Amino acid sequence: MKKARVLYGNGNEYAILYEKKETSAFLRGKLLHTTKRSHHPVCPGDLVRIEDEGSGLVIAEILPRRNKISRPANYGIRKEQVIAANIDHLFLITSVYSPRLNTGFLDRILAYSNMQQIDTVIVVNKTDYGITDEEYEYIEGYRSIGYEVLETSVKEGKGIEAVKQLTEGSISAFVGNSGVGKSSLLNSIDPDIGQKVNATSAYSLKGKHTTKQARLFGLSNGGYILDTPGIREFGMWNMDFEELKNFFPEIYRLSSKCRYRNCLHTDEPGCAVIEAAENGEIPLFRYENYLKIFETLYANRHLYFTKDK
């Protein structure tokens, strides 16, 4: 089987990494209609089976995905837009200064990445501005649960080597709100990455606008970085409000101690999670964010939750 990695593309034309070279391939027509729920059948990071038809390379099959990052294609429409697939590391970037650390945003994405089984690292950037007591409480709260938290400062060179090591030879996605310093972090890992992201590729999609499409870019350390405008907006596709408890590790570990087997940890009597949050055994801010995400998923259950077929 001849395999390739999808780098970017749109419609039926894609840039792929094939036999260690970047080239183009066309999507076989029948694959455009494989599912009614998918906005685009192919995305960056996909592994695909390639056939050479003489006149050019053809993507004949999309191989099973290890994981994926997706969102509703348009609000109110039950159609999935897969942004990227087969991610090795997701770097969840936040900062302690302009903007300040936002646990609500972090916990929404942490729940999603846990559901997709994507190894996720929290990066607290701009630490040269100083970390408040409240922010230390959040950082230590995440560490107590078992998350890896890196404190970084591009100005001081703090934590950069740890990020470099994790991106080496792997496919990584950097996710964060505007202003948290993603670009500066990337430039500290690979000084040429900014030019790579902004430059026009040697391979061009003729007549197609690709500036809003996700792309994989090669790093000098052998890894690949996912660049995707609007990735911070991805929703909770295919997450059931009743299953949310499984994607908060500290809540999942306590679930078996609740009085009721089907406890959702919202207001049930004999709930071990509520008791732990009140007693400080688990971070209270995490439990409060759990309740907010639960409410969102319940209110949008007909939009977000559709079982894969």
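Analyst: Buried means under 20% relative accessible area, exposed over 50%, and partly exposed in between (1.4 Å probe, protein chains only). Strands (E, at least two residues) and helices (H or I, at least four) are DSSP runs, numbered from the N terminus. The model is predicted: local features need pLDDT of at least 70, side-chain atom pairs count only at pLDDT 80 or more, and totals for chains, interfaces and linings use all residues. Residues are numbered from 1 along each chain as its sequence is written, and side-chain values use heavy atoms, with hydrogens and water left out.

Start with strand E6, residues 68-72. It is mostly covered, with five of its five residues buried. Its partner is strand E7, residues 80-85. The two run antiparallel and are joined by five bridges; strands pair if DSSP finds at least two bridges between them. Within this pair, Ile-69 of E6 faces Ala-84 of E7.

Next comes an open sheet of six strands. Its order is E10-E9-E8-E11-E13-E12, and the pairing is mixed. The edges are E10 (148-151) and E12 (215-218). Each has a single partner strand, so one side of each lacks a neighbour in the sheet. From one strand to the next, the twist averages 30 degrees.

Axes are lines fitted to C-alpha atoms, for helices over the stretch in contact, and angles run from 0 to 180 degrees between N-to-C directions.

Helix H4 spans residues 182-189. Its buried residues are Leu-185, Leu-186 and Ile-189. Seen down the axis of H4, they fall within an arc of 95 degrees, so they line one face of the helix. That arc is taken over the directions from the helix axis to the C-beta atoms.

Last, the cysteines. A search of the whole structure finds zero disulfides, a disulfide being a pair of cysteine sulfur atoms within 2.5 Å. For Cys-258, the nearest cysteine sulfur is that of Cys-263, 3.9 Å away. For Cys-263, the nearest is that of Cys-271, at 3.8 Å. Cys-258 is buried at 9% relative accessibility. Cys-263 is buried too, with a relative accessible area of 3%.
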